[in-house]
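Colleague: I am new to this structure and would like a close look at one part of it, namely how its aromatic rings pair up and what surrounds them. Please take me through it step by step.

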Amino acid sequence: MRTVGSLLSRLQARPALIGAALVLVMLLAGFVGWRLTGGGEYVAPTPTTAPVVRADTAGARASLEQLVAGVREGAEPDGEDAASVAVRNALAIGLEDVTARYVAEAGNVEQDGSFMADVEMSWRTPGDPALTEELRVGFDAEGAITGFSASQGTRMPLWLSGPVEVRRSGSSLVIVQASAEVADRYAELAATAVTQVRKVIPWDQPRLVLEVPATGLDSALGAQQGTYTAVAAVTATVDGSTKAGTPLHVWVNQGVIGDLDAPGAQVVITHEATHAATDAATNTRRPMWLIEGFADYVALRDTTLPLSKTAGQILAQVRENGAPDHLPGKAEFNTRSEHFGAEYEAAWLACEVLAAAGGEQALVDLYEETGRGISLEKALQASFGFGEDELTARWRTRLSHSAS
């Protein structure tokens, strides 16, 4: 067995051999680091390290300034580059107070000179407060803008994510990443929704705003991938906060609503318009079943569709398992729930029970009173003369009778 100790002893016994070996190693190392020409002249090896490429931050800042100036001056550009598209979108929507502040490079500069940077963007839709988001902007070697993106948890504004079609009227603003024909369809849905809501409640908001991204709602709302895959539309504050009085927009999922027929699509938009008209996204005082059931009540008020269409899912569940023992709450209104649609139908039927018992105005009064912080029990007694237990019993009876 060959050990380290025996090897050392052999080397120590042969100092001449060690010296010769060292000389040989040094000579070999020298040939690795340099070479001789025919005449013995030393030639240094050619460096192999790539030159350092630096970001054109001055050019990037100039491009951002040009974008802002284009919006401010109102001169619509002809190009199809990302900056030109953004300016055209901003002008079509009517954005105001647009700013762009270069923050810092994000990541390494590519060998072709392109790079990414964090940029603080601000803008204001007429009637809304100013919004500010820190976005990721791409630049080429000369600092020209090549695209915009948002990190996880940051909303990607529609006007910076590609060409849009815009439809503006006195009652609605519709921003769609689709064809002109599709934009016209959403404009009609929005106009009808405003009319339907105003039949039930007063709505002083100057316009309903629909935003319709090309690829679902997750990026537009800064949500985790898959959060809104099965959701047709969402009403939310423009800045993602829950502060009372913050303007609300409706974001529409083309991948879901595009599969609906005209009456079904109208129900979705009118439902969300009701949320926008009543500040449902920022008022947490009402029970969830009343928020969603009332929105469906307004949306389905003038429909002639049979219960098999408007409440088919919940009635199927009742036939199989019997009527639920309680009105649906927050846990049931989970976008990933297996019975997500059935809960909306159940909530709508609860509002139908109330409207049948006391009339539409009593239902509206209940909705408004609970929104002001009056307890559900007290508001029910004031408007209908019975409390939540009696409502639940009547609702369960309605479900059972309808299912049979």
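Modeller: Rings of Phe, Tyr and Trp (its six-membered ring) count as a pair if their centres lie within 6.5 Å, and planes under 30 degrees apart are called stacked, over 60 edge-to-face and the rest tilted. By that rule, the structure holds seven aromatic pairs. Before going further, please note that this is a predicted model, in which local features need pLDDT of at least 70 and side-chain atom pairs count only at pLDDT 80 or more, while totals for chains, interfaces and linings use all residues. Residues are numbered from 1 along each chain as its sequence is written, and side-chain values use heavy atoms, with hydrogens and water left out.

Phe-294 and Tyr-297 form a stacked aromatic pair, 6.5 Å centre to centre and with 20° between the planes. Both residues lie in helix α8 (residues 288-300), three residues apart, or about one turn of the helix; helices here are DSSP runs of H or I with at least four residues, numbered from the N terminus. An α-helix has 3.6 residues a turn, so residues three or four places apart point the same way. Phe-294 and Tyr-297 are both buried, a word that here means under 20% relative accessible area, with exposed being over 50% and partly exposed in between (1.4 Å probe, protein chains only).

Phe-294 also forms a stacked aromatic pair with Tyr-367, 4.2 Å centre to centre and again with 20° between the planes. Here the pairing links distant parts of the chain, since Phe-294 sits in helix α8 and Tyr-367 in helix α12, 73 residues apart. Phe-294 has a relative accessible area of 0%, so it counts as buried, and Tyr-367, at 2%, is buried too.

The helix that carries Tyr-367 deserves a look of its own. Helix α12 (residues 360-371) has 12 residues and reaches 17 Å from its first C-alpha to its last, close to the 16 Å expected at 1.5 Å a residue, where the expected span is 1.5 Å times one less than the number of residues. Besides Tyr-367, the buried residues of α12 include Leu-363, Val-364, Leu-366 and Glu-369. After α12 comes Gly-373, whose phi is positive, near 105°.

Turning to helix α7 (residues 262-277), we find 16 residues that reach 22 Å from the first C-alpha to the last, close to the 22 Å expected at 1.5 Å a residue.

Within helix α7 lies His-271, which counts as buried because its relative accessibility is 4%. The side chains of His-271 and Glu-292 are joined by a polar contact of 2.9 Å, that is, a pair of N or O atoms within 3.5 Å, where within protein one must be able to donate a hydrogen and the other to accept it, and residues adjacent in sequence count only if both atoms are side-chain atoms.

To return to the rings, there is also a cluster, in which ring pairs link Tyr-102, Phe-115 and Phe-139.

Technical notes. Helix = DSSP H or I, 4+ residues; strand = E, 2+ residues; numbered from the N terminus.
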